[in-house]
Amino acid sequence: LMPISSFSLKVLPQNHVLHWQLVALANYRAWLFFPEKSDELVINVDLHVDMSVINPFDFFLEEYAEKFPFSYDEQLQQDLAPYMKITERGPLLMDFVSNIDLKQQGSIEFLVALNKSVLDRVAYQIRHEPGVQSCEETLQTAIGSCRDSALLLMQIIRHLGLASRFVSGYLVQLRADEEALARGEGPTEDFSSLHAWSEVYIPGAGWIGLDPTSGLFAGEGHIPLACTPDPQSAAPVSGTTEPCQVVFSHENSVQRL
C-alpha cells in the first residue's frame with residue numbers, strides 16, 4: 001500500500017458531529033450527524049502520498065498455491081467464506097467462465113491472463129448512474145465503468161474457487177518525468193479520479209489487486225479506501241436525507257509537492 005503521510009477531512013456545514021469508526025470489515029468510516037438543515041453538503045479530502053514505485057509482484061506464494069488450479073485448506077475456506085459467495089450465474093457469465101483455460105499453470109501467469117481477458121471483453125466507460133451493472137449486462141453490452149468490470153472479475157474469480165473482494169478508492173496517474181521514458185504511452189498530465197478494482201486472495205501473497213480496466217496489477221497509483229465482499233458496502237458516500245432536489249458534482253485533483 002502507498003504510505004499516506006497526512007490526511008484531513010473537512011465537511012460543510014461546520015455544525016456537525018464526526019465519529020471515526022472501525023467497521024466490521026476492518027474499514028475506517030467517518031460517521032457524520034447534522035443537527036440542523038442545510039442547503040449544501042461539501043466533503044473535502046486532502047491527503048499526502050509518497051508516490052514511490054511499487055513492484056506489484058514482490059511477494060511469495062505458499063508452495064501449494066504456486067500452480068493453479070489449487071484449493072484453499074479447510075480453515076482458510078471458512079475464513080474467506082464471505083469473499084467466495086457467488087451471486088450471479090447468468091448464461092453469458094457461465095459461458096465466459098467455461099471458456100477459461102484451466103490447465104495447470106503458474107498462478108500469477110493465470111491471474112495476469114484472466115485480468116487481461118476482462119479488459120479485452122469490456123470497453124471502459126465513465127458512468128455516472130448509481131449502482132453497479134450485473135455481470136450479464138456488462139457482458140452483453142461489452143461496456144462498463146470501473147466498478148462494473150471489478151464486479152465482473154470478482155464473480156469470475158469466485159466461480160473459479162478463489163476468494164475475491166471489491167475495492168473502492170482513488171487512482172493517481174502521473175506523467176512520466178522524462179519524455180524518453182514515456183514512449184508515447186501513459187498519461188500526458190498528472191491525473192486523479194475515484195476508482196474501483198478487484199482483489200484476489202492467494203496464500204502466501206495475501207490480497208492481490210487486479211485492475212481490469214487497465215489489465216494491470218494494482219500498483220503505486222491505486223489508493224484503497226474500502227475493501228468489501230460486495231460493491232454496496234464500498235460506496236464512497238452513503239446516508240439518508242429528507243426528500244429534496246439535488247445538484248451533485250465531484251472533482252479530483254493532484255499536485256506534486
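Me: Strands are DSSP runs of E, at least two residues long, numbered from the N terminus. On that basis, which strands each supply at least two residues of the nonpolar patch?

Reply: First, a caution: this is a predicted model. The strands are strand 1 (4–12), strand 2 (17–22) and strand 4 (42–49). Strand 2 gives the most, with three residues. The patch lies on the surface and has about 980 Å² of accessible area together. Its members include Trp20, Tyr28, Val45 and Val237.

Me: Is Val45 buried, exposed or partly exposed?

Reply: Buried means under 20% relative accessible area and exposed means over 50%, with partly exposed in between. Val45, in strand 4, has 31% relative accessibility, so Val45 counts as partly exposed.

Me: How do I read the faces of a helix? Which residues of helix 2 are buried?

Reply: An α-helix has 3.6 residues a turn, so residues three or four places apart point the same way. In helix 2, the buried residues are Leu93, Phe96 and Val97. Down the axis of helix 2, they fall within an arc of 95°, so they line one face. Their cover includes helix 3, helix 4 and helix 5. Pro91 and Ser98 are exposed on the other side of helix 2.

Me: Next, charges. How many salt bridges are there?

Reply: A salt bridge puts a side-chain nitrogen of Lys or Arg within 4 Å of a carboxyl oxygen of Asp or Glu. The count is six. Lys116 and Asp120 form one, at 2.9 Å, N to O. They are four residues apart in helix 3, so about one helical turn separates them.

Me: Which bridge links Asp148 to a distant part of the chain?

Reply: Asp148 pairs with Arg127, the closest N and O atoms being 2.8 Å apart. Asp148 sits in helix 5, and Arg127 in the loop between strand 7 (123–124) and helix 4, 21 residues apart. Asp148 is buried, with a relative accessible area of 1%. Arg127 is buried too, at 14%.

Me: Which pair is 205 residues apart?

Reply: Lys37 and Glu242, bridged at 3.4 Å, N to O. Lys37 lies in the loop between strand 3 (28–33) and strand 4, and Glu242 in the segment after strand 13 (222–228). Lys37 is exposed at 72% relative accessibility. Glu242 is exposed at 52%.

Conventions. Residues are numbered from 1 along each chain as its sequence is written. This is a predicted model: local features need pLDDT of at least 70, side-chain atom pairs count only at pLDDT 80 or more; totals for chains, interfaces and linings use all residues. Side-chain values use heavy atoms; hydrogens and water are left out. Patches are made of residues with over 30% relative accessible area and no salt bridge: like charges are joined within 9 Å, nonpolar side chains (Val, Leu, Ile, Met, Phe, Trp, Tyr) within 5 Å. Accessible areas come from the Shrake-Rupley method with a 1.4 Å probe; for residues, only the protein chains shown count as cover. Buried means under 20% relative accessible area, exposed over 50%, partly exposed in between (1.4 Å probe, protein chains only). The arc is that of the directions from the helix axis to the C-beta atoms. Contact means heavy atoms within 4.5 Å.
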